[in-house]
Amino acid sequence: MVRRSPGSSATVVVLCLVQFVDVLGVTAAIVAIPSMLDGVGAGDAAAGPIATAYAMLFGGLLVVGARLGHRYGHVRMLLVGLLVFAVAGGVGALAGHAWQLVLARAVQGAASALTVPAALSLLLAAATATGQRARALGLWSAAGAAAGASGLFVGGLLTELLGWRAIFWVNVPLAVGLAGGVRYWVRVPPARDRAASLDAVGALLLVTSVMGLVLGAALVQEDGSRVPGLLVVLAGAALGVLLAVWLRRARRPLVSVSTLRTPQLLAGTLGSFVNTAATSSTAVLLTLHLQRRHGFSAFGAGLTLLALSLAVVVGSAAAARLARARGPRRPAVAGLDSMGVGNVVVSGTMVAGGGAGTGWTVAGTVVGLAFLGAGLGASSVAFNDIGTDLPEHEVATATGVLNTGAQLGTAIGVAVLLLVASPGTYGPLPAEAVAILLAALVTLAAARLVAHRRFA
């Protein structure tokens, strides 16, 4: 058997495919949520936990996953994560109840928390030359963008042709094939640090506090479980307070408080949180709205939402050029403003769409999603730039915090907006339109904050 060199192009491709599959796992499931709910006989209140379970565990365990890789070897953690991802895909495909879907998505999120930092670390170790490293990182970013752009379309197509269970089934051969590719192609000497701390307590507090907020918000949507739901939300908030106390007192915390207080990282994390809170929530609400109120198929909804993902690529490219010329603040503010405008347009289309034809609904939604996606692309590039403008020894931690903020933005944003949308209507206004308008106000307020606050 011919052994490939650690820096071969095949190594880079295999590791970038890990990124592609992980991002595809997030986006492909969004348009299938209504079909999943119907398939297991669950109400719309279960949409929140199904949509956010992946992000909850991924965000909560991302830093821990990176440290496990440092302690036990990145190749080993990558293979374990891919195996768990495949098993969870099988569980989701066989699910007969909503809680089984939530469990499968949560386990997939935990698996991605192992695979993503391991694959990125191996990628950087394999591409050692300056030009090679830049190309490898470019392919890594392109893989994520391609998965984001195609995920909604692929999810809708699979649901339309084979049913929603295919979205889970497809993960099994993908993960197994990638594991085989890692075993054969990835020959990077393992980097280990057996003294690396894990802070299991901090990770547990982070995950359980977010789970309390998200699951409590889902329970509040149901008339018969509002009091227990409020209690679960309060428990989540209390665990969040305990997490803050723990991070101050732990000898080796999940993230040091001094790093968290850095103005650049605070600004970057806030931006990452708002970015996903205001876009992922809109995507989930839209897929429910288009399929429930307008009779779109999963494929039709995915095709409409494709405008969001395609615009992200355009916004990212424009922001990179603007940031080099004017610094990251301008694309950050412009991106947030564009997201706010996009959500206003989507909200207005929902209000006007009740008495208009399908053509008007599609046109208005696509225009709003184009603004939303372009803003997300610009804002993401800018806030990653801002948040990692730190001494070199703090960049790895900062990257983990930024990604955690983005995943928690998805989890909490979807939960809150689904709660706001749960009454169905507010007088003559669709509740989904009110919820998306709230997201617009949050992004516009964040833009004003970033425009006038110093973070360097």
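Mentor: L83 is exposed, at 57% relative accessible area (buried is under 20%, exposed over 50%, partly exposed in between, with a 1.4 Å probe and protein chains only). The model is predicted, with local features needing pLDDT of at least 70 and side-chain atom pairs 80 or more, while totals for chains, interfaces and linings use all residues. Residues are numbered from 1 along each chain as its sequence is written, and side-chain values use heavy atoms, without hydrogens or water.

L83 belongs to helix α4, residues 74-93 (a helix is a DSSP run of H or I, at least four residues, numbered from the N terminus).

Turning to the charged side chains, the structure contains 4 salt bridges (a side-chain nitrogen of Lys or Arg within 4 Å of a carboxyl oxygen of Asp or Glu). In one of them D38 pairs with R292 at 3.3 Å, N to O, and this joins helix α2 (residues 33-39) to helix α12 across 254 residues. D38 is exposed at 52% relative accessibility, whereas R292 is partly exposed at 35%. R292 also forms a salt bridge with D44, whose closest N and O atoms are 3.2 Å apart; D44 sits in the loop between α2 and α3 (47-72), 248 residues from R292, and is partly exposed at 38%.

Elsewhere, R448 and D337 meet at 3.1 Å, N to O, in a salt bridge. R448 is in helix α17 (residues 431-452) and D337 in helix α14 (residues 329-353), so this pair ties together parts 111 residues apart in sequence. R448 is partly exposed at 39%, as is D337 at 21%. Through shared partners, salt bridges join D38, D44 and R292 into one network.

How values were computed: Helix = DSSP H or I, 4+ residues; strand = E, 2+ residues; numbered from the N terminus.
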